Amino acid sequence: MADKNVHKAGFTPGGIKGGSTGSQMMSKEARSHGGGVPSGGPTSTLQEMGAKGSTHSSGFTPSGISSGTKASGMMSREAKSHGGETPKGGTTSTVQSVSMGGKGK
């Protein structure tokens, strides 16, 4: 289900679909970073997962982030760099939101 939600948001093997939630995220992220989308940010992470169909195997699941996975490592690193909390709008929370069918906000 998680991979299906990522594809539905516009992150596909063929790239980000125009007019999708993914394209809106990409546009917003690019504007906030001077015109480029940073590697490791929400848009690039979701696109990589959408292209590979690897959201669930990375640890982002409908029931939450699986322990001992790439996702849990991402969450841990992000929390450490933000004083112990995973920030709203950060990579981990955005990817988890989209994988669960949300809009990544």
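Here is a friendly conversation about a predicted model of a protein chain.

Reader: What makes up the fold of the protein chain, and in what order do the elements run from the N terminus?

Author: The chain has five helices and four strands. Starting at the N terminus, the order is α-β-β-α-α-β-β-α-α.

Reader: Why is the protein chain called as compact as a globular protein of that length?

Author: Its radius of gyration is 13 Å, and the globule rule gives 13 Å for 105 residues. The two values are close, so the chain is as compact as a globular protein of that length.

Reader: How much of the protein chain counts as buried?

Author: Of the 105 residues, 42% count as buried.

Reader: What makes Q47 a buried residue?

Author: The cut-off for buried is under 20% relative accessible area. Q47 has 16% relative accessibility, so it counts as buried. You will find Q47 in helix α3.

Reader: Which residues does Q47 touch, leaving out those up to four places away in sequence?

Author: Q47 touches G10, F11, T12, G15 and I16. Take G15 as an example: Q47 and G15 are 32 residues apart in sequence, yet their C-alpha atoms are 7.1 Å apart in space. For the protein chain as a whole, consider the contacts between residues at least 6 apart in sequence: 48% of them join residues at least 24 apart.

Reader: Why is helix α5 described as largely enclosed by the rest of the structure?

Author: Helix α5 covers residues 91–99, and seven of its nine residues are buried, so the helix is largely enclosed. The buried ones are T91, T92, T94, V95, Q96, V98 and S99.

Reader: What do the buried residues of α5 pack against?

Author: They pack against α1 (2–8), α2 (21–32), α3 (42–52), β3 (60–61), β4 (64–65) and α4 (70–81). After α5 comes G101, which has a positive phi near 100 degrees.

Reader: How do you know that K52 forms a salt bridge with E48?

Author: The rule asks for a side-chain nitrogen of Lys or Arg within 4 Å of a carboxyl oxygen of Asp or Glu. For K52 and E48, the closest N and O atoms are 3.2 Å apart, and the pair forms a salt bridge. These two residues are four apart in helix α3, so about one helical turn separates them.

Reader: Are K52 and E48 exposed or partly exposed?

Author: Exposed means over 50%. K52 has 60% relative accessibility, so it counts as exposed. E48 has 36%, so it counts as partly exposed.

Reader: Which other residue forms a salt bridge with E48?

Author: That partner is K70, with the closest N and O atoms 4.0 Å apart. E48 lies in helix α3 and K70 in helix α4, so the pair ties together parts that are 22 residues apart in sequence. Salt bridges with shared partners join E48, K52 and K70 into one network. K70 has 44% relative accessibility, so it counts as partly exposed.

Reader: How many salt bridges does the count come to?

Author: By this rule, the count comes to two.

Reader: How far apart are the mean positions of the positive and negative charges?

Author: The protein chain has 12 positive and 5 negative charges, and their mean positions are 7 Å apart.

Technical notes:
Residues numbered from 1 in each chain as written. Predicted model: local features only at pLDDT ≥ 70, side-chain atom pairs only at ≥ 80, totals over all residues. Heavy atoms only, no water. Rg over C-alpha atoms; globule rule 2.2 N^0.38 Å. Buried < 20%, exposed > 50% of the residue type's maximum accessible area, 1.4 Å probe, protein only. Contact = heavy atoms within 4.5 Å. Lys, Arg positive; Asp, Glu negative; His and termini not counted. Charge placed at Lys NZ, Arg CZ, Asp CG, Glu CD.
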